[in-house]
Each structure stands twice: as structure tokens, then as C-alpha cells.
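Have the viewer open and let's walk through this one together.

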Amino acid sequence: NEMLRDQITGHDRKFEQQEKEMSVLKGELEKCNKKMTEQNSRLHATIFEVDGRHTQSTRQLKTDVIRIEGVSTKISNQHTTYDKEMLRYSEEIEQLNSSMNAVKTGFENLRLETVSRDKFS
């Protein structure tokens, strides 16, 4: 009977020791769980902040692209206008050159006419 009592007492002590160890482990697990919850909260806050900055950056980029496209269109339109003006100026220069050649030819003809009259006079 005493042997059985000693065994039971031994088992009771082991059980109590295991309960203490389990209690310590449970406390550590709760600490770890609390830390993980805090880290998870910080992570979500960081993700939210980064997502907000990304959204803001994306909006800014879209705005910049629209502005750049507008400037590009203006430049393209100005280039087209300048091309048209250059073509018009080229045509005017050709007309002036043609007129100058006609004047030169007229003067040359007049000179030749004058020279030939002087010879016959």
C-alpha cells in the first residue's frame, strides 16, 4: 500500500511539475502572441502608409504624364505651324528670286538694246 502511495505521490509531483512547466510555457506563448499581434499591427500600418504613398505617387505620375503629353502636343503643333511658315517663306523667296531674275533679264535686255542703239547711231 505504501509503495502504491509513493508511486501516486511521485506521479502527483510529476504532474504538478508538468503543470508548472505548462504554465510557464503558456505565459511565454501569450507573450509571443502579444508581440506577434503588435508586429502585425505595425506591419498593417506600414502597408497602409506605403499603399497611400504609392497611390499618391501614381496620381502624381498620371498628372505629370498628362501635363507632359499636353506640352508635347503644344510643341508638335508649334512645329507644324513653323513648318507651314517655312514652306510659305520658301515659296515667297522663290517668287522673289523669280522676280529678281526677271528684273535682271529686263535690265540686261535694256542694256543690250541701249548698246545696239548706240552702235547704229
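Methionine 86 sits in helix α1, which covers residues 2-120; helices here are DSSP runs of H or I with at least four residues, strands are runs of E with at least two, and both are numbered from the N terminus. With a relative accessible area of 52%, methionine 86 is exposed (exposed means over 50%, buried under 20%, partly exposed in between, using a 1.4 Å probe and protein chains only). Keep in mind that this is a predicted model, where local features need pLDDT of at least 70 and side-chain atom pairs count only at pLDDT 80 or more, while totals for chains, interfaces and linings use all residues. Residues are numbered from 1 along each chain as its sequence is written, and side-chain values use heavy atoms, with hydrogens and water left out.

Now for the charges. Side chains of opposite charge can pair when their charged atoms come close. The whole structure has four salt bridges, each a side-chain nitrogen of Lys or Arg within 4 Å of a carboxyl oxygen of Asp or Glu. One of them links arginine 88 to glutamate 92 at 3.1 Å, N to O, and these two are four residues apart in helix α1, about one turn. Another pairs arginine 53 with glutamate 49 at 2.9 Å. Why can those two meet? Because they are four residues apart in helix α1, arginine 53 and glutamate 49 are separated by about one helical turn. Arginine 117 and glutamate 113 meet at 2.8 Å, again four residues apart in helix α1.

Zoom out, and the protein chain has one helix and zero strands. Its C-alpha trace spans about 170 × 20 × 10 Å along the principal axes. The radius of gyration is 51 Å, whereas a compact globule of 121 residues would have one near 14 Å (taken over C-alpha atoms; the globule rule is 2.2 Å times the number of residues to the power 0.38). How much of the chain is buried? Buried residues make up 0% of the 121 residues.
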